[in-house]
Amino acid sequence: DLSVGEEYVELFCTALGAPPRVRTGFAELAHEILMNAVYDAPVDSLGNHLYAHDRKKEVSLTEEQSAKLMMATDGRTILMGVHDPFGSLERSHVFGGISRALSSGEMDTSGGGAGLGMYYVYRNAMHAIFTVNPAGFTDVAVLYDLDINRRVFSSLARSVHFHEV
């Protein structure tokens, strides 16, 4: 149930004293990253996506195949991480999604979703790091600095990193 992840993130941010817009933004971000990990990431042994083309299809994953959500903080910076055991995320999905959203606002529904996940990452994270092992996993880590005013944050540059290992 993806709403559990969103609720956890919002509670985590609330406990830190994060402003409402940060709490909401990170909860939305968790939803989008988890949707990608649950619907877009799972592939069969031939690399065919199992659920990406139908977001209403019931997903059936084993414990080993499930996405993992992690939150951490040092009191100033929030880290949210999502891990999936598939490694099917491609560089073009990350930068293509961000580029489409920033240049035209267009959505790409050809993969089953609306193509919003990467835009949410870009909009809500100061730094985003994608680490992909095509034979084994995808890790997405996003960081947000709580000391930065949200209005100021919206004008700052972001960094997005993609590493294939």
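How many residues has α3, and what distance does the helix reach from its first C-alpha to its last? In this predicted model, α3 has 13 residues and reaches 18 Å between those two atoms, close to the 18 Å expected at 1.5 Å a residue, the expected span being 1.5 Å times one less than the number of residues in the helix. Helices (H or I, at least four residues) and strands (E, at least two) are taken as DSSP runs and numbered from the N terminus. Because the model is predicted, local features need pLDDT of at least 70 and side-chain atom pairs count only at pLDDT 80 or more, whereas totals for chains, interfaces and linings use all residues. Residues are numbered from 1 along each chain as its sequence is written, and side-chain values use heavy atoms, with hydrogens and water left out.

The buried residues of α3 are V94, G96, G97 and I98, where buried means under 20% relative accessible area, exposed over 50% and partly exposed in between (1.4 Å probe, protein chains only). The cover over these residues includes α4, β3 and β5, contact being defined as heavy atoms within 4.5 Å. V94, which lies in helix α3, has a relative accessible area of 0% and is therefore buried. Not counting residues up to four places away in sequence, V94 touches L89, M118, F130, V160 and F162. V94 and A67 are 27 residues apart in sequence, and their C-alpha atoms are 18 Å apart in space.

With residues up to four places away in sequence set aside, V142 touches F26, L29, I33, I78, L79, M80, V121, A125, H127 and A128. A128 lies in strand β3 and counts as buried because its relative accessibility is 1%. Beyond its neighbours within four places in sequence, A128 is in contact with V121, A141, V142, S159, V160 and H161. A128 and G117 are separated by eleven residues in sequence and by 12 Å in space, C-alpha to C-alpha.

Helix α2 is mostly covered, with 15 of its 21 residues buried. The end C-alpha atoms of α2 are 29 Å apart, which agrees with the 30 Å that its 21 residues should span at 1.5 Å a residue.

Two packed helices are described by the angle between their axes and the distance between the axes. The axes of α2 and α4 come within 9 Å and cross at roughly 145 degrees, axes being lines fitted to C-alpha atoms, for helices over the stretch in contact, with angles running from 0 to 180 degrees between N-to-C directions. The contact is made by G25, F26, E28, L29, E32, I33 and N36 of α2 together with G117, M118, Y120, V121, R123 and N124 of α4. These residues divide into six nonpolar, four polar and three charged, where Ala, Val, Leu, Ile, Met, Phe, Trp, Tyr, Cys and Pro count as nonpolar, Asp, Glu, Lys and Arg as charged, and the others, Gly among them, as polar.

Within helix α4 are found Y120 and N124. Y120 is buried, with a relative accessible area of 16%, and N124 counts as buried at 1% relative accessibility. Leaving aside neighbours within four places in sequence, Y120 is in contact with E28, L29 and E32, while N124 is in contact with G25, F26, L29, Y144, R150 and F153.
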